[in-house]
Amino acid sequence: MKPAIFIILTFLIEVSSAQGTKSFETYFSNETLRIDFFHGGDAKTEYFSPDRIYVQGPWAGNPDRCIQDFELGSYKVEVIDIATNKVIYSKGYSTIFSEYQTTGPAIKGVFKTYHETVLIPKPHRTVLLIIKKRDRYNILNQVYRLNIDPSDYHMNNENTAGVADQKIAIVKSGDPHHCVDLVFLGEGYKQNEIEKFRSDLSYYTTLFFTLEPYKSRKGLFNITGVFSPSPESGTDEPRQGIYKKTRFSSSFNTFDLDRYCTVDDNRNIRDVAAQVPYDAILIMVNRERYGGGGIYNWQTVFNTTVKANDYVFLHEFGHAFAGLGDEYFSSEVAYEDFYTPGVEPLEANITTLPDPSDVKWKQFLSPGIQVPTEWGKHVYDSLNSKISEIRIEQAATIDQMKKSISSAAEIEQAERSYKERIDRLSKSIEDFFFNHPLRDKIGVFEGANYLSKGMYRPTLMSLMHKFTDYDVSYKPVNENAIIQSIEYYTGQ
Ligand SMILES: [Zn+2]
């Protein structure tokens with residue numbers, strides 16, 4: 001009986017896949033429609049204003065999965081065939097604007113505008129494009145609508161490549177329709193730094209495939225680098241007064257956070273990326289400094305060269321590709337109003353634990369694990385708060401010394417002594433995790449997503465939490481979410 005069942009199942013899967021492709025062909029051609037607009041506002045208000053619509057190269061997405069059947073991202077784009085009133089395409093995404101809405105200036109009513117893009121396959125006939133936004137209860141509400149007539153001759157099909165741009169295909173596995181297509185862009189590389197771009201591209205691609213779940217799925221990825229030179233090398237660092245003229249206007253100190261590095265210049269990014277079919281954009285910033293950023297279905301930004309940035313790259317890609325949440329807490333964050341009490345987040349790796357007998361990741365829990373899991377959080381919290389106290393004392397003392405008659409040597413000596421105290425406590429934290437009896441267990445650990453209380457994560461450590469040299473892994477709950485996204489793009 002078993003072989004017969006297997007044949008029937010295989011047949012059903014093939015039929016449904018063929019129907020998916022047929023439905024794609026009914027509504028769409030194999031081209032990409034790029035819809036650019038301005039999106040701005042403050043904490044309470046938002047507006048959209050259309051910019052341009054482009055017809056660009058082949059569609060990168062999976063024609064069998066035009067409707068995204070899982071919910072992620074603070075926004076969702078839907079395409080409705082007007083003739084039949086049917087939703088024919090949907091996909092979730094997040095924006096820098098929605099993060100801006102949670103910051104102090106936005107809450108005080110300061111407006112800010114971003115340039116954004118949504119990509120859809122090019123429809124055969126007139127469609128209604130709808131953008132929906134999640135409210136504080138994660139319910140989607142329409143915030144923008146636009147009729148799109150594919151025969152409109154205002155649609156721009158110019159070649160948007162820069163004159164000096166170069167494409168470097170580094171991993172070629174197959175048809176973009178059934179592969180995850182990653183495009184790596186170089187930011188802050190001058191024309192004469194193309195060899196550094198090539199070597200960084202090769203380094204990060206190799207690193208990517210050392211880690212599960214990518215390692216065993218290499219044959220499902222296409223990776224292309226597009227080199228587009230910048231007039232200057234590096235990136236902006238406003239807190240240091242450093243400004244560099246670069247291709248995509250990347251900058252540290254997004255929302256005045258020290259390590260948050262994002263890219264603003266959406267039009268240039270999309271112009272350069274459009275030279276290849278892409279599902280995800282990764283931007284390598286040519287600057288030796290710890291930092292980066294990752295926004296779901298929009299951008300992965302990371303800085304090259306510093307060893308610790310190896311993990312930043314994979315961490316940020318976890319946000320951007322699989323919509324994973326941050327598992328750390330007690331960190332410097334500007335999100336002042338991030339979660340509504342009692343509302344379960346969409347991210348696969350964080351939970352408010354509404355029902356301890358029905359944990360979000362119950363299929364992965366270690367046998368017999370306590371829910372929630374006691375992990376000695378008070379020990380970790382007290383070590384961390386000691387570090388914070390020392391940092392505050394350090395800032396005040398050094399500031400005072402600089403204003404007084406202290407010599408440079410005396411200031412240096414004081415800095416060294418503070419560093420030694422902080423290093424000792426940091427080492428205690430490292431030892432706490434390294435020797436922890438639950439290091440390899442999956443449970444429900446309190447403290448996640450910037451919140452010390454009421455938010456839980458699946459493991460003590462993971463790439464979405466804390467980077468260590470001895471245990472570099474997303475861990476199973478995060479890997480499972482990433483696999484879901486890989487399946488969405490590839491069908492496998
Ligand atoms: Zn993060």
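Domain bounds, as used here, come from an automatic or database domain assignment. On that basis the protein is divided into domain 1 (19-148), domain 2 (166-322) and domain 3 (379-431). The structure is a predicted model.

The C-alpha centres of domain 1 and domain 2 are separated by 23 Å. Their contact involves 23 residues of domain 1 and 17 residues of domain 2. On the side of domain 1 that touches domain 2, two or more residues are contributed by each of strand E1 (28-41), strand E4 (86-93), helix H2 (96-100) and strand E5 (112-123). That side of domain 1 comprises 7 nonpolar, 11 polar and 5 charged residues.

The largest nonpolar core contains 95 residues, and Val183, Leu185, Ala273, Ile281 and Ile283 have the most contacts inside it. Helix H6 (residues 309-322) is the element that gives the most to this core, supplying 8 residues. Both domain 1 (19-148) and domain 2 (166-322) are represented in the core, each by at least three residues. In soluble globular proteins, nonpolar side chains tend to be buried together. When neighbours within four places in sequence are left aside, the contacts of Val183 are Thr224, Val226, Ala273, Val276, Tyr278 and Ile281.

H6 is mostly covered, with 13 of its 14 residues buried. Just after H6, Gly323 adopts a positive phi of about 60°. H7 is hardly covered, and the count of buried residues among its 27 residues is 0.

Strand E14 (residues 292-295) pairs with strand E15 (residues 299-303) in the antiparallel sense over 4 bridges. Gly293 of E14 has Val301 as its bridge partner in E15. The hairpin has 3 residues between the strands, and Asn297 takes a positive phi near 55°. Along E14, Gly292 and Gly294 point one way, whereas Gly293 and Ile295 point the other way; all of these residues are buried.

Definitions and conventions:
Residues are numbered from 1 along each chain as its sequence is written. This is a predicted model: local features need pLDDT of at least 70, side-chain atom pairs count only at pLDDT 80 or more; totals for chains, interfaces and linings use all residues. Two residues are in contact if their C-beta atoms, placed from the backbone, lie within 7 Å. Ala, Val, Leu, Ile, Met, Phe, Trp, Tyr, Cys and Pro count as nonpolar, Asp, Glu, Lys and Arg as charged, and the others, Gly among them, as polar. A nonpolar core is a set of buried Ala, Val, Leu, Ile, Met, Phe, Trp, Tyr and Cys residues joined through C-beta atoms within 7 Å. A residue is buried if 20 or more other C-beta atoms lie within 10 Å of its own, exposed if 12 or fewer, and partly exposed in between; C-beta atoms are placed from the backbone. Two strands pair if DSSP finds at least two bridges between them.
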